[in-house]
Structure formats: structure tokens, C-alpha cells
Amino acid sequence: MTTGCHAHSVDLTLPEASELAAVYALESIKGFGPQKFREVTAAGLTATDVLDAPSKLPIAGRRGDAFRQALDELTRSGIGEFERRAEAQLSRARDNAASILLHGDAQYPQALRQSNNPVPVLYVRGDLRLLTHARSVACVGSRAIKEPYRQLQEDFVTAAASAGWLIVSGFAAGADTVSHRAARDADGLTACVMPCGLDRPFPPENRPLWREFLDYPGAVLVSEFPFGTAASALTLSKRNKTIVGLSHGALIGQASATGGAMYAFRFAQEQHKPVATFAADGTDETGGNTTITRKGGTTFSPDQSDHHAWRSWLDSLDPAL
């Protein structure tokens with residue numbers, strides 16, 4: 001089902017069906033995750049290359065032997081199932097004016113490729129160039145964000161977007177929606193990382209914003225999940241890892257100690273990316289802010305908008321500096 005179309009012109013990028021099918025086939029092998037696809041790409045190989053000739057797989061030892069045996073079994077049993085799936089996904093992509101990027105593609109986001117979660121397939125609606133923007137910052141937080149944190153999140157994003165930063169967030173209610181709207185209202189750039197297929201807007205209350213962003217040239221919608229995938233607890237968690245992977249640092253405006261936004265903090269720690277937050281107010285709703293401060297995150301005052309401190313932190317993230 002097509003939920004909208006772009007009013008602006010977008011050049012689509014789609015892989016050959018055979019290569020997408022090969023990627024799906026490799027993904028079906030237990031343990032063959034994003035890091036293994038990185039090794040394949042680093043060796044100058046494609047998924048089709050290693051599927052056609054398992055001996056080329058650049059993974060040594062018993063693990064590599066197990067993968068090669070699994071590849072041999074795939075080859076013998078045939079990959080018709082994956083070919084049908086690839087054709088179906090390509091058809092859905094065309095119906096939704098979407099691109100499909102593979103890990104080895106030139107347009108694949110460099111920040112994500114260098115992270116610990118270089119997912120093998122990205123589904124994209126909007127301008128692919130936004131995903132390779134030189135400066136990107138994740139801006140996330142609680143679905144139940146409260147004042148003054150809501151206003152601080154909006155002010156921070158407005159300042160960052162106005163300074164040319166791509167604002168990356170997860171399209172959830174609360175802090176994510178504040179971030180996306182603030183970026184748009186500043187005529188800035190924003191990437192919406194979805195926990196579902198790009199034909200299934202989530203959450204339902206953000207459908208109007210979804211339609212707006214399909215027509216806004218500064219927005220791009222991206223997912224690691226195929227068309228038709230519904231949001232779930234697992235996809236919501238994995239989505240946070242991709243948000244961080246696409247970014248050079250993360251602002252977590254408000255989070256409880258056990259809130260979903262703390263996944264982003266943990267993933268940022270794994271990926272050695274800087275994290276900032278606003279000082280906690282001593283309540284349970286900002287227990288996550290306390291944790292981030294205690295573990296060395298940059299902490300901004302919640303009393304006023306400190307644009308100088310924000311700019312200094314953002315400049316420290318800039319890979320060009």
C-alpha cells in the first residue's frame with residue numbers, strides 16, 4: 001500500500017534482484033550479521049560472489065568453515081524463496097517511490113558503515129543525499145517528555161538544524177516528534193529512522209506528520225526493516241542502534257533510567273560516540289539523565305538555553321574539525 005508520494009523529484013536507487021536475493025540468503029544464515037557483511041564488502045566482494053563461490057568468503061577458522069558449509073547447503077537447496085522475496089520488495093519500493101541501499105553501495109551512509117551496526121539493507125524514502133550529510137546528530141528522549149525538557153529539546157534542535165546539522169530521530173511520540181518538527185520548522189534536515197516497513201507509518205498518531213514529511217524535501221525516512229514489517233519491541237530496540245549509527249553524537253533530552261531512550265545511550269557507548277543531556281531534576285522521569293551525567297556524558301544546564309555550550313559540543317562532533 002502506498003501511503004503518499006513525494007511532491008519533489010527523487011532519484012531512486014535499487015539493486016539488482018539477484019543481488020538483493022543473495023543478501024537475503026546470507027542474512028538467513030545463523031550468525032551472519034552486519035559485521036560479516038562488512039567483512040565481505042571490505043574484501044571487495046558482493047553477496048552474489050560468496051553465494052556463487054563460498055570458498056571466497058573472507059572469514060577464517062571454524063566459524064568461516066561453518067558459514068561456507070551453510071552456503072553450500074543454500075546453493076544446493078536453491079534460493080527461490082529469497083528471489084521471490086527480493087522481487088516483492090523491489091516492487092513495493094517502486095510503488096512507494098523508495099530506494100533500497102546495500103552495504104556495499106556508494107550511497108550507503110558512511111557513519112553507519114563505520115559503526116558496530118552496519119546493517120546490510122536500508123530502505124529509504126526521500127533524498128538519499130541526506131543520509132550522507134557531513135554532520136548528523138541524534139536527538140531523542142522520552143515519549144512522555146515534560147517541561148522544561150520539551151522546550152530545551154526544541155531549542156537545541158532548532159539551533160542545531162539552523163547550523164546545518166541533520167537531525168536524526170526515531171519518529172516516536174514525545175521527544176522524537178519534538179525533534180523532527182523543530183528541524184522542519186527551522187527549514188532544516190531530518191532523518192526519521194523507523195521501527196517498521198516504510199509502508200506502515202508508526203506510531204499511528206504521527207500519520208499526519210508522516211504525510212507532511214513525504215512532501216518535505218528536507219526529510220528522509222529510513223528503515224532496516226522490509227516493506228510490510230510491523231513495529232515490535234525488537235524492532236523498536238534495533239531502531240535505536242541505527243539512529244546512533246547514522247549520527248556523530250547523541251542528545252538525550254530527557255529519559256527515565258529504564259526508558260527506551262537509554263538504549264540509545266548504551267549504543268552510543270558501544271560505538272564510542274559522545275552523548276549529551278540536560279541536568280536531571282531529581283525525579284524518576286530524569287533518572288536516565290542522572291545516569292548519563294554520572295557516566296561522563298556532557299550535561300547542559302536546564303535553566304536556560306545555553307547556545308554557546310550547545311555549539312561547542314556540536315563542533316566537537318564535527319568529523320571535519
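Me: In which sense do E3 and strand E4 pair?
Reply: E3 and E4 (residues 166-169) pair in the parallel sense, over three bridges. Two strands count as paired if DSSP finds at least two bridges between them. Strands (E, at least two residues) and helices (H or I, at least four) are DSSP runs numbered from the N terminus. The model is predicted: local features need pLDDT of at least 70, side-chain atom pairs count only at pLDDT 80 or more, and totals for chains, interfaces and linings use all residues. Residues are numbered from 1 along each chain as its sequence is written, and side-chain values use heavy atoms, leaving out hydrogens and water.

Me: What is the bridge partner of Val137 in E4?
Reply: Ile167.

Me: And which residue in E7 is the bridge partner of Cys139?
Reply: Leu251. E3 and E7 (residues 250-252) run parallel and are joined by three bridges.

Me: Why is E3 largely enclosed?
Reply: Five of the five residues of E3 (residues 136-140) are buried, so the rest of the structure largely encloses this strand. Buried means under 20% relative accessible area, exposed over 50%, partly exposed in between (1.4 Å probe, protein chains only).

Me: Which residues of E3 point which way?
Reply: Ser136, Ala138 and Val140 point one way, and Val137 and Cys139 the other way.

Me: Different topic. How many residues of helix H8 are buried?
Reply: Nine of the eleven in H8 (residues 175-185), so by the under 20% cut-off the helix is mostly covered. Among them are Ala175, His180 and Arg184.

Me: What do the buried residues of H8 pack against?
Reply: E3, H7, E4, strand E5 (189-193) and helix H9 (207-214), with contact meaning heavy atoms within 4.5 Å.
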